[in-house]
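Please consider the following sequence and model together. The paragraphs below lead through selected parts of the structure.

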Amino acid sequence: MKKGLRALVAASAVTGLIVGAVTGSSAAPRNNPLKGEGKNMKIVANVGYPGGTDMEFATIKGHDYAFAGSASGVGGAKAGALHVINIDNPAKPRVAATLNCSLYQADIQISYDQKTVIMGADSAGGPDGCLALGQAGFMTVDIRNPMKPKPIGFAAIPAGSHNTTAHPTKPYVYNSDSELAKRGEIQIWSIKDPSKPKLVNTIPSLPHSPHDISFNKDGSLMVTAAISHFDIYDTSDPENPTLLYEGQCPGCSITHDAKFTPDGKHIVIGDEGGGGGAYPCPGGALYFYDFSTPPVPVLTGVYEPDELVLAKDDQGGPEGCTAHVFDFNDKGNLVSISWYSAGTRLLDISSMIGPSFGGNTAAGVQELGWFEPDGGVSWSSKIYTNDKYIFSNDENRGFDVFQYTGK
């Protein structure tokens, strides 16, 4: 989601600082009904809270956790928090802790050593903003004990942190401010000491800053989704990236998200049509590129859902319906993706070959299933450890768990 396309929350700085971490037993959420419609997917669990946005996962001391953000600018005045959810049994998630720190948009990343959550704020935090009080940027949270997440540091960035990206093998955070009105840039921060993030370099991104950044598995390459274009960089030296390629997917209106497949041989780019506002289905597409012969990616297909259920907002008007946050399973043959009002969708990309233009389905891309829960607007959908379960962080419902029921 891009600045200006959804309302930002302007939080005034006031004196005082409250950092609240509570366990699930003392702050049990009110869960939403397990109802909706779909194909080859069913909803099996919900941890209810308003304003769900981004989420990431980690295995710590033998237990699997989801670290899910929620934001007041998405779900109302009391929505902002970091939710730590135990998913050892995906069908029965349990709240391990809730850190009541309200940051907008609460983009979530986890450091390469799985000791620190990076939580983004692209507007100044208010009295419930914890270390973001009166400033934008990103906050570092100690998660070595997931039951007691603790804010420990803050990187003050005037343009804010619309998205951050943790380097997969080294203690660095790359900042995306998603600014269009000023000269674009990417900031590189060291979190060798997570309590004291240190700016180590700023590189240009022309004509404007990226919306999001992703790395390949070893961190030697990065791809940026920069709204009007996408760029590929050599990051062998993580403090001094080198631009290798600049291009744009045909038909993209807002190049929102770009990711390498786990084997590094393909790149998938998402177009967020309408920027998350009201937008007709099927919305922006996914674009698939062959990257087996770097540095030039080759477009091999375009995907939009064949079957969509069009939801409406509480006032009866159209909701956003477009590609949003997606991710791969570990093998790279499956993609889970949020499509806002059209719910969560699961794709098989294992046979992604050959060009496919003029149709709704890329060659080799198969939609295995989808689910749209009642009243849901899914922001991010991801897979972790078990391919039969897909997790969604929903603007209205909070944390949903879906089970794939197809063959």
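Strand 28 and strand 29 (residues 389–394) run antiparallel and are joined by 5 bridges. Strands here are DSSP runs of E with at least two residues, numbered from the N terminus, and two strands pair if DSSP finds at least two bridges between them. The model is a predicted one, in which local features need pLDDT of at least 70 and side-chain atom pairs count only at pLDDT 80 or more, while totals for chains, interfaces and linings use all residues. Residues are numbered from 1 along each chain as its sequence is written, and side-chain values use heavy atoms, with hydrogens and water left out.

Within this pairing, Ser380 has Asn393 of strand 29 as its bridge partner. The two strands belong to an open sheet of 4 strands, ordered 3-30-29-28 with antiparallel pairing. Strand 3 (41–48) and strand 28 (378–383) form the edges; each has a single partner strand, so one side of each is left without a neighbour in the sheet. From one strand to the next, the twist averages 25°, taken between lines fitted to C-alpha atoms, with angles from 0 to 180 degrees between N-to-C directions.

Strand 29 also holds Ser392. Ser392 counts as buried because its relative accessibility is 1%, buried being under 20% relative accessible area with a 1.4 Å probe and protein chains only. Its side chain makes a polar contact with the side chain of Ser378 at 2.8 Å; such a contact is a pair of N or O atoms within 3.5 Å, where one must be able to donate a hydrogen and the other to accept it. Apart from neighbours within four places in sequence, Ser392 is in contact (heavy atoms within 4.5 Å) with residues including Met55, Thr344, Gly398 and Phe402.

Elsewhere, Ile191 sits in the loop between strand 14 (185–190) and strand 15 (198–204). With 5% relative accessibility, Ile191 counts as buried. Its C-alpha atom is separated by 7.0 Å from that of Val173, 18 residues apart along the chain. Beyond neighbours within four places, the contacts of Ile191 include Ser111, Phe138, Tyr172 and Pro197.

Conventions
Buried means under 20% relative accessible area, exposed over 50%, partly exposed in between (1.4 Å probe, protein chains only).
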